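Please report on the structure shown here. Keep to what can be computed from the atoms.

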Amino acid sequence: MHAMVLNKLGAALEWTELPDPEPGPGEIRVRVVACGVCRTDLHIVDGELPDPKVPIVPGHEIVGRIDKLGSGVDGLTVGERVGVPWLGRTCDCCSYCKQNQENLCDHPLFNGYTRNGGFATTTIADARFAFPLGESGDDATLAPLLCAGLIGWRSLRIAGKGKNLGVYGFGAAAHIIAQVAKWQGRSVFAFTRPADQATQAFARRFGSTWVGGSDEMPPEPLDAAIIFAPVGALVPLALKAVKKGGRVVCAGIHMSDIPSFPYSLLWEERQLVSVANLTRKDGIDFLRQAPDIGIIVETTQYPLIKANQALEDLRAGHFEGAAVLVP
Ligand SMILES: [Zn+2]
Ligand SMILES: [Zn+2]
């Protein structure tokens, strides 16, 4: 097998030939057919997340076909197409796991961060944390659903049922979740970097009711806002844009510092919350709904060996939508 390996934080990934891994008990071996590139991969490469495993193969939006089952795997078959997301394994015994909050598990493993992920031709996954994908839908356009879609879905759920939804940062997650929100009958107010014409046009194309710069106020007060951009300075702006009792959801795993702001922005029962990881139920619920919603995913595809280019293009904002690696 081949993989793009991060050997040192902050360094480029290296194209590496490795022996084919063997699935252990409860694991599956997956031939990767597509793997999305997520902003979290950039945070991992840049060393912005605590305690990464290094060397590591990044990648946690994996679509592949099972080619070998470890012992004790039930309900999956060789040849079946599966999705492997960020949540790689949980302990099943901590207080969070026992209360259906496995996204907050005390002893989790995350694919592409603390266990090897999908920037590779082959990967090993815990069978309990892989989602059967069926045969409908194209491999490369399914991949971004596994993190951008899933984290967006969880964020949307936590944002509540309000009609007017603000979205700060219109990349992979936002363009998926704007379609879900519209399907649910909501209005999406998209905020981009001020004067970012290309992203504003993209946000309009994906069903936004209103599009503007993050320094602007929306034409109507928002019921809730989701911040996808890793920019702490957006927090006070989003709090200002939501109405009394409104909620601001921070969807990213890493954000620059939040500047201090007057208490009046939080007053009147506005809420500021974050979303961490996913539960398997999030994945099952979202992937079951996705075909009905008819989500269109805008992808820019790169050969696996060009993973560094994909990461740099994501950092520089050189494409709209989601980057996907294909072997
Ligand atoms: Zn991700
Ligand atoms: Zn746990």
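The report below covers the metal site, the sheets, the helices and one further residue.

This is a predicted model, in which local features need pLDDT of at least 70, side-chain atom pairs count only at pLDDT 80 or more, and totals for chains, interfaces and linings use all residues. Residues are numbered from 1 along each chain as its sequence is written, chains are lettered from A and ligands numbered from 1 in the order in which they are written, and side-chain values use heavy atoms, with hydrogens and water left out.

**Zinc site**

Three protein donors hold positions 2.0 to 2.2 Å from the zinc ion (ligand 1): Cys38 (SG), His60 (NE2) and Cys147 (SG). Donors are N, O and S atoms within 2.8 Å of the metal (3.2 Å for Na, K and Ca); water is not among the atoms, so sites may look incomplete. Along the chain the donors follow the spacing C-x21-H-x86-C. Cysteine 38 sits in the loop between strand S3 (27-37) and helix H1 (39-45), and histidine 60 in the loop between H1 and strand S4 (62-69), 22 residues apart. Helices (H or I, at least four residues) and strands (E, at least two) are DSSP runs, numbered from the N terminus. Cysteine 38 and histidine 60 are both buried. Buried means under 20% relative accessible area, exposed over 50%, and partly exposed in between (1.4 Å probe, protein chains only).

**Sheets**

Six strands form an open sheet in the order S12-S11-S10-S13-S14-S15, with parallel pairing. Strands S12 (210-213) and S15 (271-274) are at the edges with a single partner strand each, so one side of each has no neighbour in the sheet. From one strand to the next, the twist averages 20 degrees. Two strands pair if DSSP finds at least two bridges between them.

| Pair | Bridges | Direction | Bridge partners |
|---|---|---|---|
| S10 and S13 | Four | parallel | glycine 166 and alanine 225 |
| S3 and S8 | Five | antiparallel | isoleucine 28 and alanine 125 |

Five of the five residues of S8 (residues 122-126) are buried, so the rest of the structure largely encloses this strand. Thr122, Ile124 and Asp126 are buried on one side, Thr123 and Ala125 on the other.

**Helices**

Helix H7 (residues 234-241) lies across S10, S13, strand S14 (242-250) and S15. H7 runs at about 150 degrees to S14. Axes are lines fitted to C-alpha atoms, for helices over the stretch in contact, and angles run from 0 to 180 degrees between N-to-C directions.

In helix H6 (residues 197-205), Thr199, Gln200, Phe202 and Ala203 are buried. They span an arc of only 160 degrees around the axis, which puts them on the same side of H6. The arc is that of the directions from the helix axis to the C-beta atoms. Gln197 and Arg205 are exposed on the face turned away from the buried side. The cover over the buried residues includes helix H5 (172-183), strand S11 (187-192) and S12.

H5 packs against helix H8 (residues 280-293) at an angle of about 75 degrees, with axes 11 Å apart. The two are therefore roughly perpendicular, a label for angles of 65 to 115 degrees; under 35 degrees is roughly parallel, over 145 roughly antiparallel and the rest oblique. Ile176, Gln179, Val180 and Trp183 of H5 meet Phe286, Gln289, Asp292 and Ile293 of H8. Contact means heavy atoms within 4.5 Å.

**Threonine 141**

Threonine 141 is found in helix H3 (residues 139-142). Its relative accessibility is 26%, so threonine 141 counts as partly exposed. Leaving aside neighbours within four places in sequence, threonine 141 is in contact with Val297 and Thr299.
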